[in-house]
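Dear colleague,

I am handing over the structure below, and after it I set out what was found among its side-chain contacts. Please read the notes with the model open beside you.

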Amino acid sequence: MQSGSPPPDGNAVGSERRRERRYEVELHGELRIDGACYSCQIADISGSGALVFLEDPPEAGSTADLWIEDFGIVPIEIMHAGEHFCGVAITSPAKYRDQLLNWLREEADARSPAAAADVR
């Protein structure tokens with residue numbers, strides 16, 4: 001039996017495992033799968049994934065496209081699904097990460113109280 005501390009992520013769950021910044025957002029979108037489009041709300045997003053709320057999420061392992069209002073389309077895989085939500089991973093994060101993160105930073109800056117004060 002070995003002693004010592006467990007690996008850094010050994011007991012981590014959820015957001016404690018994540019290594020990149022996640023942005024809490026209220027974005028409208030569409031989950032597009034098998035030729036159908038489902039309206040959704042994006043509540044949490046990073047350069048590699050998102051938390052999406054919709055009426056009847058597809059099952060884990062499904063591939064789809066996520067259209068994000070004012071940004072565009074990113075290919076995704078459903079990683080887990082609940083009753084009215086799913087966690088998705090961007091299937092080509094290297095292709096979209098920089099553009100998505102720059103857009104998210106601009107959106108966050110535009111919505112900040114300081115930015116609103118500058119508009120006066």
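**Salt bridges and aromatic pairs**

Asp-44 and Arg-22 form a salt bridge in which the closest N and O atoms are 2.5 Å apart. Because Asp-44 belongs to strand E2 (residues 36-45) and Arg-22 to the segment before E1, this pair ties together parts that are 22 residues apart in sequence. Asp-44 counts as buried at 15% relative accessibility, whereas Arg-22, at 23%, is partly exposed. Please keep in mind that the model is a predicted one.

In total, the structure holds three salt bridges. Another of them joins the side chains of Arg-97 and Glu-20, at 3.5 Å from N to O, and it links distant parts of the chain, with Arg-97 in helix H1 and Glu-20 in the segment before strand E1 (23-33), 77 residues apart. Glu-30 and Arg-32 also meet through their side chains in a salt bridge, at 2.9 Å from N to O; Glu-30 is partly exposed, with a relative accessible area of 24%, and Arg-32 is partly exposed as well, at 27%.

As for the rings, the count comes to two aromatic pairs. Phe-53 and Phe-85 form a tilted pair, 6.3 Å centre to centre with 55 degrees between the planes, and since Phe-53 lies in strand E3 (residues 49-53) and Phe-85 in strand E6 (residues 85-90), the pair ties together parts that are 32 residues apart in sequence. Phe-53 is partly exposed at 37% relative accessibility, and Phe-85 is partly exposed at 30%. The rings of Phe-71 and Trp-103 are also tilted, with centres 5.3 Å apart and planes at 50 degrees, and both of these residues are buried.

Methods:
Residues are numbered from 1 along each chain as its sequence is written. This is a predicted model: local features need pLDDT of at least 70, side-chain atom pairs count only at pLDDT 80 or more; totals for chains, interfaces and linings use all residues. Side-chain values use heavy atoms; hydrogens and water are left out. Rings of Phe, Tyr and Trp (its six-membered ring) pair if their centres lie within 6.5 Å; planes under 30 degrees apart count as stacked, over 60 as edge-to-face and the rest as tilted. Helices (H or I, at least four residues) and strands (E, at least two) are DSSP runs, numbered from the N terminus. Buried means under 20% relative accessible area, exposed over 50%, partly exposed in between (1.4 Å probe, protein chains only). A salt bridge is a side-chain nitrogen of Lys or Arg within 4 Å of a carboxyl oxygen of Asp or Glu.
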